[in-house]
Amino acid sequence: MKILFVCLGNICRSAAAEAVMKKLVQEQNVAQDFEIDSAGLINYHEGEPADPRMRAHAARRGYVVDSISRPVRTSDFFDFDLIIGMDDRNIDELKHRAPDLETEAKIHRMTEYSRNKLYDYVPDPYYSGADGFELVLDLLEDACAGLLEHCQVNNLRVSEP
């Protein structure tokens, strides 16, 4: 299963989702069944590491957020099986950019996979304090666990080229 997590700038939410999901699949010994990446809708932070606040909060929970920001590319719509946006603006923009209906069907909201259903989107912590980053990690841990369960129940694995 090839999964792309997407947020606005790819320095907070999607980068953290990538790290959380990578750790989950490693812990479950199914990393070989997944390719996981992240990207942003804007290229403002292209080439930069994730926000240092997100890296610090994630590190305290045992996650390594080491992705380098990159923008979503048209090829991503063909290369990935799931493209997961963090909020309605992300979803709307991804659907607008999708080359066709088949690729648009790959787009999902992160909270579709949440088990606790406390939020219907993952809020952007960029302009918030420590609580905002902790909330995002709480939501991502829950939703990534639900996503992994979804993939396992449906026997979704890395697709062949």
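A salt bridge is counted here where a side-chain nitrogen of Lys or Arg lies within 4 Å of a carboxyl oxygen of Asp or Glu. The model shown in these views is predicted.

**View A. Arg-13 and Asp-124 form a salt bridge.** The closest N and O atoms of Arg-13 and Asp-124 are 3.8 Å apart, which falls within the 4 Å cut-off. Because Arg-13 belongs to helix 1 and Asp-124 to the loop between strand 4 (107-109) and helix 6, the pair ties together parts that are 111 residues apart in sequence. Arg-13 is buried, with a relative accessible area of 2%, whereas Asp-124 is partly exposed at 38%.

**View B. Arg-61 meets Glu-141 in a salt bridge.** The N to O distance between these side chains is 2.9 Å. Arg-61 lies in the loop between helix 2 and helix 3 (76-79) and Glu-141 in helix 6, so that parts 80 residues apart in sequence are tied together by the pair. Both residues count as partly exposed, Arg-61 at 22% relative accessibility and Glu-141 at 24%. Through salt bridges that share partners, Arg-61, Glu-134, Asp-138 and Glu-141 are joined into one network.

**View C. Asp-88 and Arg-109 are paired in a salt bridge.** Here the side chains meet with an N to O distance of 2.4 Å. The pair links distant parts of the chain, with Asp-88 in helix 4 (residues 88-97) and Arg-109 in strand 4, 21 residues apart. Asp-88 is partly exposed at 42% relative accessibility, and Arg-109 is likewise partly exposed, at 24%. The count of salt bridges in the model comes to 13.

**View D. The largest nonpolar core has 39 residues.** The residues with the most contacts inside this core are Ile-3, Phe-5, Met-21, Phe-34, Met-110 and Leu-147. Strand 1 (2-7), helix 1 (13-27), helix 2, strand 3 (82-85) and helix 6 (130-153) each supply at least two of its residues, and helix 6 gives the most, with 11 residues. Leaving aside neighbours within four places in sequence, Leu-147 is in contact with Ile-3, Phe-5, Met-21, Leu-82, Ile-84, Met-110 and Tyr-113. A second, separate core of 12 residues includes Val-72, Phe-77, Ile-83 and Ala-98.

**View E. Leu-8, Ile-42 and Tyr-44 make a nonpolar surface patch.** The area of this patch is about 290 Å². Ile-42 is found in the loop between strand 2 (35-40) and helix 2 (52-60), and at 33% relative accessibility Ile-42 counts as partly exposed.

Notes:
Residues are numbered from 1 along each chain as its sequence is written. This is a predicted model: local features need pLDDT of at least 70, side-chain atom pairs count only at pLDDT 80 or more; totals for chains, interfaces and linings use all residues. Side-chain values use heavy atoms; hydrogens and water are left out. Patches are made of residues with over 30% relative accessible area and no salt bridge: like charges are joined within 9 Å, nonpolar side chains (Val, Leu, Ile, Met, Phe, Trp, Tyr) within 5 Å. Accessible areas come from the Shrake-Rupley method with a 1.4 Å probe; for residues, only the protein chains shown count as cover. Helices (H or I, at least four residues) and strands (E, at least two) are DSSP runs, numbered from the N terminus. Buried means under 20% relative accessible area, exposed over 50%, partly exposed in between (1.4 Å probe, protein chains only). A nonpolar core is a set of buried Ala, Val, Leu, Ile, Met, Phe, Trp, Tyr and Cys residues joined through side-chain atoms within 4.5 Å. Contact means heavy atoms within 4.5 Å.
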